[in-house]
Amino acid sequence: MCALRDHTAIDRVLHEPARAVIVAILDAVESADFLYLLRETGLTKGNLSAHLAKLEAAGYITIQKTFRGKLPLTLCSLTPQGKQAFADYRQQLAEFIAKT
Amino acid sequence: MDSTIVKVQQRTRAYWFADGLNEILSGTFALILGVLILLKNHFQSTSLGEFFSITVNIFLLAGALSMPVLLRRAKEHITYPHSGYVAYKALTRSERVKQGLPVIMSFLLFVILIAISILVSAQTRLWAMAMIIWLPELMGIVAGVIFLRLAQQTGLLRQAVLSGVSFVTVVWLGWRSSPLLGLLSLKLTEGSGWGVMPAQVGAVMRVLMMSLYNDTAFLLIILGCAALISGVVGRLQYLKERHNVRSA
C-alpha cells in the first residue's frame with residue numbers, strides 16, 4: 001500500500017513515455033533540434049510540439065528558435081530544474097520497482 | 001523503462017558517429033599519412049625521400065588543424081539537414097583536467113623513466129633503446145583502448161571491431177619487430193649515456209628507426225583501411241535507416 005502511495009507522487013509530466021524519452025535525450029546532450037527529436041521519438045510534428053510545450057510550461061526545457069543560414073532551427077535543451085526532476089523521477093521509479 | 005532510457009541516451013551519444021563521416025575522414029587521413037611515411041622510408045637518403053619527409057610533416061600539421069573544421073562542415077551540410085542537429089556537452093575546465101591529468105602524468109613518468117634508464121647503467125640503457133621498437137605497438141594499444149571506450153559509451157559494434165583490429169595489429173607488429181631485439185647487446189650500450197655515439201651504435205639505431213617508421217606506417221595503413229571500411233558500412237546503415245524513416 002505504501003509503495004502504491006509513493007507511486008502517486010511520481011512526476012506526471014515526466015511519467016509519459018514520449019516525454020520521458022524526450023527528456024532522456026536532452027539529458028544526454030547540451031541541446032537537440034526539433035528534427036532530431038522528431039526522428040528519434042517517431043512522433044508526428046503536432047504531437048511532438050504538444051509534448052514540448054508541456055515540458056516547457058513545466059519549466060523542464062527551454063525552446064530557442066533561431067536560424068542556421070536560411071533554415072529555421074528549433075533548439076531544445078534541459079533546464080537545471082528539468083535535470084533535477086528527471087534524476088528524481090528515475091530514482092523514484094527504481095525505488096518503486098525495488099519495493100514491488 | 002530505465003533500460004529504455006539508457007538505450008535512448010546511448011543512441012543519442014552514438015549519433016556523432018552514426019553517419020560514418022568521422023571514420024571515413026580520419027581513416028582516409030591515416031591511410032594517406034601511412035603511405036607517405038612508407039614512401040619516405042623507402043626513398044630514404046634520396047631527394048625524393050626528403051620531399052616525402054617534408055610532405056609528411058606538412059600533411060600531418062595541415063590534417064591535424066583542418067580535420068575538426070572539415071568534419072564540422074561536412075556534418076553541417078550532409079547530416080544535420082537530414083537527420084537533425086545535436087550539440088554535445090562541452091567538458092568543464094575541471095573535468096578536462098581530471099581526464100587529461102592521468103595521460104600527462106603517465107607520459108611524464110615514461111619520459112623520466114627513459115631518462116633515468118639511460119643514465120643508470122648499460123643494462124637499463126639497453127631497455128631504453130629497446131623501447132624505440134615498441135613505440136608503434138604502444139600507439140596501437142592506446143588506439144585500441146580509445147575505440148574500446150567509445151564502443152562502451154556508444155554501444156556501436158563498429159568501434160569494438162576497430163578496437164579488435166588495433167589489438168591484432170599490435171600483436172602482428174610486435175611479432176614482426178621482436179627479432180630486432182637481437183641487435184641489441186650490453187656491449188652496445190656500454191659507456192656514458194650522453195657520450196658520442198659509436199659507429200656500431202649509430203648503425204643499430206638507424207635500423208631501429210627504420211623499423212619504427214615502417215611499423216608506424218603499417219599501423220596507420222591498417223587502422224586507416226579498417227576505419228574507412230567501418231565508416232562506409234556506417235554510412236550505408238545510416239542512409240538505409242534514413243530512407244526507412246522517410247518511407248514510414
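# Exercises on a two-chain predicted model

In chain B, residues 24 or more positions apart account for 80% of the contacts with a separation of 6 or more, where contact means heavy atoms within 4.5 Å. This is a predicted model, in which local features need pLDDT of at least 70, side-chain atom pairs count only at pLDDT 80 or more, and totals for chains, interfaces and linings use all residues. Residues are numbered from 1 along each chain as its sequence is written, chains are lettered from A and ligands numbered from 1 in the order in which they are written, and side-chain values use heavy atoms, with hydrogens and water left out.

## Exercise 1. The two chains

Describe the elements, extent and surface of chain A and of chain B.

Solution. 

1. Elements. Helices (H or I, at least four residues) and strands (E, at least two) are DSSP runs, numbered from the N terminus. Chain A has five helices and three strands, in the order α-α-β-α-α-β-β-α from the N terminus. Chain B has seven helices and one strand, and its order is α-α-α-β-α-α-α-α.
2. Extent. The C-alpha trace of chain A spans about 55 × 25 × 20 Å along its principal axes. For chain B the spans are about 75 × 45 × 30 Å.
3. Burial. Buried means under 20% relative accessible area, exposed over 50%, and partly exposed in between (1.4 Å probe, protein chains only). Of the 100 residues in chain A, 40% are buried; of the 248 residues of chain B, 38% are.
4. Surface. Accessible areas come from the Shrake-Rupley method with a 1.4 Å probe; for residues, only the protein chains shown count as cover. Chain A exposes about 5500 Å², with 59% of it from carbon and sulfur atoms. Chain B exposes about 14700 Å², and there carbon and sulfur atoms supply 72%.
5. Contacts within chain A. Residues 24 or more positions apart make up 51% of the contacts with a separation of 6 or more.

## Exercise 2. Confidence in chain A

Where in chain A is confidence lowest, and where is it highest?

Solution. 

1. The scale is pLDDT, the predictor's confidence in each residue, from 0 to 100.
2. Chain A has a mean pLDDT of 88, and 92% of its residues reach 70 or more.
3. Confidence is lowest in helix H1 (residues 2–8) of chain A, with a mean of 59, and highest in H4(A), at 95.

## Exercise 3. A helix pair in chain A

Are H2(A) and H4(A) roughly parallel or roughly perpendicular to each other?

Solution. 

1. Axes are lines fitted to C-alpha atoms, for helices over the stretch in contact, and angles run from 0 to 180 degrees between N-to-C directions.
2. Helix H2 (residues 17–28) and helix H4 (residues 45–57) of chain A have axes that come within 10 Å and cross at roughly 70 degrees.
3. Angles under 35 degrees count as roughly parallel, over 145 as roughly antiparallel, 65 to 115 as roughly perpendicular and the rest as oblique. H2(A) and H4(A) are therefore roughly perpendicular.
4. On the H2(A) side, A:Ala18, A:Arg19, A:Ile22 and A:Val23 meet A:Leu48, A:His51, A:Leu52, A:Lys54 and A:Leu55 of H4(A). By class, this contact has six nonpolar, one polar and two charged residues. Ala, Val, Leu, Ile, Met, Phe, Trp, Tyr, Cys and Pro count as nonpolar, Asp, Glu, Lys and Arg as charged, and the others, Gly among them, as polar.
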